[in-house]
Amino acid sequence: MKPEMIRTQAEKFLESVKQQQRILVTTHVSPDGDAIASLLAAAKMIHLMGSQAICFLDGGIPSHLVFLPGSGEIITSFDNAPENFDAVLAVDAATLERIGDTAKLIQPGQPIINIDHHADNPEYGHLNIIFPEAASTTEILFQIAVTLNLPIDKDLATLLYTGLVTDTGGFRYSNTSARAFQAACDLTQRGANPNQIAEAVFASNTESSIRMLTNALSNLDICHHGQIATMSVDTVEGREEPEDLAEYPLRVRGVVACALFRKKDGKTRVSLRSRGAVSVSDIAHTFGGGGHPNAAGFTVAEEIDTVRPRVIEALRQEVEKSTF
Ligand SMILES: [Mn+2]
């Protein structure tokens, strides 16, 4: 994230925002902490630039993220979908498909701004601000806000910090950089409360989501010399998952790659996680999905029992490639 690159992109962003009166801000379906925080932070920044932001999301806001300032302003019902807006800003969405049915609200030719940190983002916007080296999309927004001298109050600091702490798994994953810590330090000085935010995002699971964890761990299977782990869960409509469910098998010493399988509407949703040099994003691409090197996923119209051996074989090849 070279300062001159940030400056160029930040100025283009300011120019685009100023040209539009009403901007629809959205993010990916099944949103995580970085997604919701980026959406709300971007909306605040658009207001600070003098334009209007309408927050819209396909699907609900996870209950552990409702504490985020401004979350009540996110429209999640297509019955109340905004009709008049001049442009769309998608944050943390690696592809336009990832914003779900929100894409149907976009008129042909309508300007799209794309701010993201996924390396596989195909630059689907008219303006694309992509920094794969950023730990979170909120880190990019933080750099833009600082460059443009936008006032970062406690609420904006809380949002930007939340994206950082969730996408780095509490500053533990391989994307945890000195620059991410510098941003976190700056945001803490501006009012973000690390303890309150960590409590809210990592320690406010519902009882049923923790029971889902026991359900998943009860069928944890470790194979390939203790390096690969898989587990599956029964998803129940309306029941939430713990924020870091897919990552649990990586807590076993020696496990370097894992997969979580969930059955949903006759399809199987697979989340892949890995450590260090073992990359799972190529596997996700092979199955029609995407993501980051250490965290990726995809959905297939197959039964878990059919897709599971294929995923294990792909993980085995990737592990062998990276460790020998
Ligand atoms: Mn992200």
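Glu-123 is exposed, as 11 other C-beta atoms lie within 10 Å. The cut-off for exposed is 12 or fewer, so Glu-123 qualifies with its 11. This is a predicted model.

Glu-123 sits in the loop between strand E4 (112-116) and strand E5 (127-130). Its backbone stands out too. Phi of Glu-123 is positive, about 60°, although the residue is not a glycine.

Ser-30 belongs to the loop between strand E1 (22-27) and H2.

How exposed is Ser-30? Ser-30 has 15 C-beta neighbours inside 10 Å, so it counts as partly exposed. Buried would take 20 or more, and exposed 12 or fewer.

## The largest nonpolar core

The largest nonpolar core holds 58 residues. Six of its members touch the most others: Val-25, Leu-39, Ala-42, Leu-89, Leu-141 and Leu-160. Which helix gives the most to this core? Helix H2 (residues 33-48) does, with 10 residues.

Neighbours within four places in sequence are set aside here. Leu-160 is then in contact with Ala-37, Ala-41, Thr-138, Leu-141, Phe-142 and Leu-187.

## A separate core

Another core lies apart from the largest one.

Notes. Residues numbered from 1 in each chain as written. Predicted model: local features only at pLDDT ≥ 70, side-chain atom pairs only at ≥ 80, totals over all residues. Core = buried A, V, L, I, M, F, W, Y, C linked by C-beta atoms within 7 Å. Helix = DSSP H or I, 4+ residues; strand = E, 2+ residues; numbered from the N terminus. Contact = placed C-beta atoms within 7 Å.
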